[in-house]
Amino acid sequence: MEDNNFEDLINIYNEGKTFTIENVGQNRILINKEGFDLVICKDNTEEHGYFLVNSIYGHDCYSYNSESTHIYNVLEGEGEFIIDNNSFIVKKGDIVTIKPNQVFYYSGKMLLKMEMLPNFKEENNHLVQLVSYNDKKNK
């Protein structure tokens, strides 16, 4: 999927708005979670998932996926990824790859394009530790 499919959402981000709006486009659905908004493209396949993440504070937990590789492209902002207890500072233009079974978490105000290979399946996602809203807000 080309980056220009997210152009309207990137413009909303750059205007300082969040994705907590009702209309995000015909082929997208929106999930609001504590600390981030997640836009899921409806044309995802079983083999490949495309997502746009508006990270306000960061992910809500440390987790790992037993089957999927996550590829994050930092489109805007900066933050930190923790992968298997190793910290990586990221900024616009950086790409982060997380392989299956790697425990990860991210924090920071960032706009991320995420790809999952194969696409997300709940049974392959494993929670390690929740991160509280106050912990993220204070970072």
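Accessible areas here come from the Shrake-Rupley method with a 1.4 Å probe, and for residues only the protein chains shown count as cover. By that method, the protein chain has an accessible surface of about 7,700 Å², and carbon and sulfur atoms account for 46% of that surface. The model is predicted: local features need pLDDT of at least 70 and side-chain atom pairs count only at pLDDT 80 or more, while totals for chains, interfaces and linings use all residues. Residues are numbered from 1 along each chain as its sequence is written, and side-chain values use heavy atoms, with hydrogens and water left out.

The protein chain has 2 helices and 9 strands, taken as DSSP runs numbered from the N terminus (helices: H or I, at least four residues; strands: E, at least two). From the N terminus, the order is α-β-β-β-β-β-β-β-β-β-α. Of contacts (heavy atoms within 4.5 Å) between residues at least 6 apart in sequence, 65% join residues at least 24 apart. Of the 139 residues, 45% are buried; buried means under 20% relative accessible area, exposed over 50%, and partly exposed in between (1.4 Å probe, protein chains only).

Strand β3, residues 49–55, has 7 of its 7 residues buried. Gly 49, Phe 51, Val 53 and Ser 55 lie on one side of β3, with Tyr 50, Leu 52 and Asn 54 on the other, and both faces are covered. Strand β3 runs antiparallel to β8 (residues 104–117), to which 7 bridges join it; two strands pair if DSSP finds at least two bridges between them. Val 53 has Leu 112 of β8 as its bridge partner.

Phe 104 belongs to one aromatic cluster with Tyr 72, Phe 81 and Tyr 106. The structure holds 5 aromatic pairs, counted when ring centres of Phe, Tyr and Trp (its six-membered ring) lie within 6.5 Å; planes under 30 degrees apart count as stacked, over 60 as edge-to-face and the rest as tilted.

Side chains of opposite charge can pair when their charged atoms come close. A salt bridge puts a side-chain nitrogen of Lys or Arg within 4 Å of a carboxyl oxygen of Asp or Glu, and the structure holds 4 of them. One joins Glu 46 and Lys 121 (3.8 Å, N to O). Glu 46 is in the loop between β2 (36–41) and β3, and Lys 121, 75 residues away, is in the loop between β8 and β9 (125–130). Glu 46 is exposed at 56% relative accessible area, whereas Lys 121 is partly exposed at 33%.

Another salt bridge joins Lys 92 and Glu 76, with closest N and O atoms 3.6 Å apart. Lys 92 lies in the loop between β6 (86–91) and β7 (95–98) and Glu 76 in strand β5 (residues 69–83), so the pair ties together parts 16 residues apart in sequence.
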